[in-house]
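Here are my notes on this one, jotted down while going through it. Have a look at the structure first, then read on.

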Amino acid sequence: MSVNLTVVCGGGGVWGVAWMTGLISGLADAGIDLRNAEAFIGTSAGSIISTQLTSGIPLKRLYDRQVTPASQPREVAPEPGALQALSQLLTASWPTDSAKLQAICQLAKTAQTIPAARRRADIAERLGLPTQAWPKTKLSITAVDVETLELSVFTAASGIALIDAVAASCAVPGVWPMAEINGRFYIDGGVWKTAENAHLAQGSKKVLILSPLGLIAGGALAGNSRLKADIAALEANGSAVRLICADAASLQAMAGNPLNPATRQPAAEAGRRQASAVAAEIALLL
């Protein structure tokens with residue numbers, strides 16, 4: 001039965017997918033099944049897990065794909081230092097948001113990456129979906145248009161393939177190729193203003209935000225002040241909001257590189273352990 005809840009799943013790379021998978025699996029152990037939420041908003045890593053959750057894949061299978069080497073999908077590790085250029089742009093001081101985004105989009109346009117077709121195939125294997133159709137549950141996936149610098153939100157009504165929406169949301173600038181959709185190019189939705197895009201949950205009565213990177217104060221993708229502002233705006237408009245961020249043990253599992261496939265097992269296990277500490281808080285929201 002659908003629950004009156006919007007789940008916002010933020011960015012966090014391969015590590016973030018694993019942490020959220022473990023957390024959600026642990027919550028199910030405690031009797032809280034987030035798959036019953038009426039709507040999901042996914043950005044970058046969040047687009048992966050929200051798509052999987054709404055597509056009918058059993059939680060046990062999702063968890064096994066993170067912690068069991070024989071079940072893990074192919075995950076190409078980026079070149080050493082590939083994330084450094086993006087991190088420098090994100091942490092630099094900029095006069096405007098547009099100036100920052102223009103620099104990030106320029107990085108995406110000029111970076112040497114694997115071919116887009118190869119990346120799309122990797123995303124398809126990573127998702128492991130039983131069907132390529134958009135789910136019946138309301139699902140919104142974010143990406144940034146490199147020409148307009150605007151946040152694009154893809155849904156079942158957008159008329160594009162689900163795999164293309166996810167590939168766009170996961171197109172980390174400077175690391176992975178831009179995603180082309182109907183002649184336009186897109187990059188990771190997490191570089192727009194926050195890694196969560198929680199503002200898109202406006203109008204929801206109950207909002208649960210899963211933010212892998214939310215507690216990394218001053219980190220490259222943290223966006224803490226703006227995330228707090230988004231939460232305040234949601235609450236001011238009547239939404240009940242809970243924010244769950246990766247705890248210290250889960251952050252330690254990242255080992256400084258959220259794109260490293262080796263982080264999958266320790267991050268998923270840490271997320272599952274963390275679930276027992278936050279289950280009561282989430283139950284109050286429901």
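1. Helices (H or I, at least four residues) and strands (E, at least two) are DSSP runs, numbered from the N terminus. Strands count as paired if DSSP finds at least two bridges between them.

2. Some housekeeping. This is a predicted model, where local features need pLDDT of at least 70 and side-chain atom pairs count only at pLDDT 80 or more, while totals for chains, interfaces and linings use all residues. Residues are numbered from 1 along each chain as its sequence is written, and side-chain values use heavy atoms, with hydrogens and water left out.

3. Back to β3 (residues 138-145), which is mostly covered, with seven of its eight residues buried. Buried here means under 20% relative accessible area, with a 1.4 Å probe and protein chains only.

4. Who pairs with β3? Strand β2 (residues 37-43) runs parallel to β3, joined by five bridges, and Thr43 has Thr142 as its bridge partner.

5. Now the holes. A cavity is a set of points on a 1 Å grid over the protein atoms alone where a 1.4 Å probe fits but cannot get out; lining residues have an atom within 4 Å of a point. There are two cavities of 30 Å³ or more. Volume is the space filled by probe spheres set on the points, which are joined across faces, edges and corners.

6. The largest cavity has a volume of about 230 Å³. Its lining has 23 residues, with Gly13, Ser44, Val172, Asp188 and Leu259 nearest the centre. Helices α1 (13-29), α4 (82-91) and α6 (116-127) each supply at least two lining residues.

7. The second largest cavity holds about 60 Å³ of space. Its lining includes Val14, Gln52, Arg65 and Arg264. Helix α1 gives the largest share of that lining, three residues, while α1, α2 (45-54) and α3 (59-67) each supply at least two.

Technical notes
1 Å grid on protein atoms, 1.4 Å probe; cavity = no way out; pocket = protein on both sides within 12 Å on 5 of 7 lines; lining within 4 Å. Buried < 20%, exposed > 50% of the residue type's maximum accessible area, 1.4 Å probe, protein only.
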